[in-house]
Each structure stands twice: as C-alpha cells, then as structure tokens.
Amino acid sequence: MVLADPQKYMTCVAGAGYLSLLKEILELEGIDVNVKDEFTCTSLIQAARGGHYHCIELLLSKGADLTIVDKDNLTPYIAAAIGGHINCLELLEKAKADIHSINKNSSNAITYACVGGHDRCLQYLIDKGLNINARSSRTGWTPLANACRGNHIECVKILMDRPECDLLMVDNEGKIAYQHALEFGNSECAELIRLRTEKDNAPLTSLLLEEIHRKEIYHNVEMRNVGRVGKLSESLFGGKILRDINEDTDNRCHEESWTDSLTLIVMESCSMSDDTRANEYNMRKCNRSFKLLRRRNSSYEMAEDLREE
C-alpha cells in the first residue's frame, strides 16, 4: 500500500495496529520513528494505548524513544495502562520504561487502570510498587475515588485489600471516595469501604461514613429523588439510619414544608406507572422517605471536624 505522506500517517497506522503497513513505512528513507501527530502523540504512545504488542516491539527495534511524552505528559507506559494492556506494560518495562511516570496532573498508571476498571492491570501495577494513593492535581481524585465513580467493584476490592490505601484522602472539593460512591449510586462500592473500616477497627472513620451517608439521604429527600433514597436505605448504614429515624421523635424541621415536598414525591412516583404493584412499591419507598422527615437534622459539624483531622 502506498501513502501520499507516510510520515504523517505513521502514528495512525501504529494506533490502529497495522503491523505490515507500519513495517513498510519504517523501511522508507528519511522516516522519523519519533515524529508526533497533531495530538502530540508518538507512534509508540498510540500503539501502547491500543495494546498493539507487535507494533510496540517493532517501533522499539527501530529506536523509538520511551521518554518522549505528549502535551499532557502522557508516557507510553501510562498509555498502555489506559487500555489495561499488561503484556504491553511488560514489554515496555523490558525496554526500561519509567513505571513510576506521571502525567501533568500527577496521575500515574494505577489511576488510569482504575478509571478503566482494569482490575488485573491494577493488581499487576500494585505488585510493581506504584503509588496506590496518587492524587490528581486537577481534581484531587485518587485511584479509589475513580474506581468508586465508575462502579468498578473488582478494583475497589483490590484497593480495600491494601492497608496502605487511604480512605480519607479528600479531593479538591473536600470529598472522599465514599461520597463519590454514594453520589453515583454505587452502593456496593460504598459497602466495601464500610467493611474496610470495620476490618480496621476504625470507629471514628466509620462514624464519619455514617454521617456522610445520612447527609446524602437527606439531600435526596430534599431533591425528591425517591429511587435514590430507596437505594441508599438498602445498605447497612441506610438501614441503621432508618432505625434511628424511627426512634427519634424530636423534630426540629418545619414539618409542613417537608410534608408538602413529600406529597410531590408521592404524586410523581405514582404517576410513573399505571401498574398497581409498581405504584405500591413506589408508595412504600415514599413512606420510607417520610420517616426521614420525622427526625431532626443531624449535626454534621462533628463529621466535618473528623474529616479535617
């Protein structure tokens, strides 16, 4: 195959994994194996991102430079982790790639393994000794926060098995990973974090998580998000919060306005379906939400203090 400008299209060819065509291009006179494309990526970065092992092998044999990065300081090693390509990571390591490299936001390969939900790749990188608590300078999200946001349960399980994984690292908005799990409705990820505090015998951390959970339930009641309230109430913390609500008759809220809000929740829920059983289910969720309105607002200052410590 003949290309009008083979140098220009070389990165695309490498990224697509067209090995035979890449060989032809690299055999031409005057070809620069380290040329960058319009996105400032080299052929090696593109091949690593795509997981094209033999293309990487070929490029390295032709002198591709492992230290050249793109505009975001993305290295070939991090690019391979984005796709969870363990075989490519191993190949790059043999070529002496810097496994601890970070991009311009201070995120490492573990971060991107968690973003993509690549649990096997995550375990591989942890075993290599990469920083498990790498924090993005742009968002403040840790690998754990990214795994919770994406509902990557297996990644969260792996991280929870590591004693060095910090559950209380806050992002740039002051949120911890547990909050990200709740906000995205990923209750199983949140439960895994709760179990870790139980395993660590960390009552203060557990108390903080419970207060965060309580606050999220109240927030969703205020937002009339019946489905989310029901889901939040199904976890261990949610069940405990509901039991507390049932026992607490001291109400410092303006019950009239809360009741008006709940009436709208009931009306909206029941209008979602003409099916009797579905409406009964929605009514049960609304009744559960109503119990929340009978409880005084908890004091969250203690939880905020704990988080700051």
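Mentor: T40 has a relative accessibility of 23%, so it counts as partly exposed. T40 belongs to the loop between α2 (19–26) and α3. Its phi is near 65 degrees, which is a positive value in a residue other than glycine.

Trainee: How far can I trust such values?

Mentor: This is a predicted model, and confidence is given residue by residue. The average pLDDT of the protein is 82, and 76% of the residues score at least 70. Over residues 249–274 pLDDT stays under 50, and the model has 44 contacts there beyond four places in sequence. Residues 289–309 also stay under 50, with 58 contacts beyond four places in sequence.

Trainee: How many helices and how many strands does the protein have?

Mentor: The protein has 18 helices and zero strands. Of its 309 residues, buried ones make up 47%. Among contacts with a separation of 6 or more, 70% are between residues 24 or more positions apart.

Trainee: Which other residue has a positive phi although it is not a glycine?

Mentor: One of them is N73, with a phi of about 65 degrees. N73 lies in the loop between α4 and α5. Its relative accessible area is 32%, so N73 is partly exposed. A further positive phi, near 75 degrees, is found at K96, which follows α6.

Trainee: How do I read a helix, taking α6 as the case?

Mentor: The general idea comes from the helix geometry. An α-helix has 3.6 residues a turn, so residues three or four places apart point the same way. In α6, the buried residues are I86, C88, L89, L91, L92 and E93. What they pack against is α3 (43–50), α4 (53–61), α5 (76–82) and α8 (119–127).

Trainee: Is N103 buried or exposed?

Mentor: The cut-off for buried is under 20% relative accessible area. N103 has 7%, so N103 is buried. Its place is in the loop between α6 (86–94) and α7 (109–116).

Trainee: Which backbone nitrogens lie by a polar atom of the N103 side chain, and at what distances?

Mentor: The backbone nitrogen of N105 is 2.9 Å from a polar atom of that side chain. For the backbone nitrogen of S107, the distance to a polar atom of the N103 side chain is 3.0 Å. Look also at contacts farther along the chain. With neighbours within four places in sequence set aside, N103 is in contact with D72, N73, I78 and Y112.

Trainee: Which residues touch the most other members of the largest nonpolar core?

Mentor: They are L125, L144 and L159, in a core of 71 residues. Helix α10 (residues 153–160) gives the largest share of this core, six residues. Take L144 as an example. Not counting residues up to four places away in sequence, L144 touches V156, L159, M160, C165, D166, L167, A177 and I193.

Trainee: What about aromatic rings?

Mentor: Check ring against ring, then charge against ring. The structure holds zero aromatic pairs. There is a charge over a ring, however: the charged end of R149 sits over the ring of W141, 3.6 Å from its centre.

Trainee: How should I compare distance in sequence with distance in space?

Mentor: Take a pair of residues and state both values. S187 and C148 are 39 residues apart in sequence, while their C-alpha atoms are 9.3 Å apart. S187 is in helix α12 (residues 187–199). With a relative accessible area of 30%, S187 is partly exposed.

Trainee: Is E173 buried or exposed, and which side chain does its own side chain contact?

Mentor: Its relative accessible area is 61%, so E173 is exposed. The side chain of E173 makes a polar contact with the side chain of K175, at 3.5 Å.

Notes. Residues are numbered from 1 along each chain as its sequence is written. This is a predicted model: local features need pLDDT of at least 70, side-chain atom pairs count only at pLDDT 80 or more; totals for chains, interfaces and linings use all residues. Side-chain values use heavy atoms; hydrogens and water are left out. Helices (H or I, at least four residues) and strands (E, at least two) are DSSP runs, numbered from the N terminus. Buried means under 20% relative accessible area, exposed over 50%, partly exposed in between (1.4 Å probe, protein chains only). A polar contact is a pair of N or O atoms within 3.5 Å; within protein, one must be able to donate a hydrogen and the other to accept it, and residues adjacent in sequence count only if both atoms are side-chain atoms. Contact means heavy atoms within 4.5 Å. A nonpolar core is a set of buried Ala, Val, Leu, Ile, Met, Phe, Trp, Tyr and Cys residues joined through side-chain atoms within 4.5 Å. pLDDT is the predictor's confidence in each residue, from 0 to 100. Rings of Phe, Tyr and Trp (its six-membered ring) pair if their centres lie within 6.5 Å; planes under 30 degrees apart count as stacked, over 60 as edge-to-face and the rest as tilted. A charge sits over a ring if NZ of Lys or CZ of Arg is within 6 Å of the ring centre and within 35 degrees of the ring normal.
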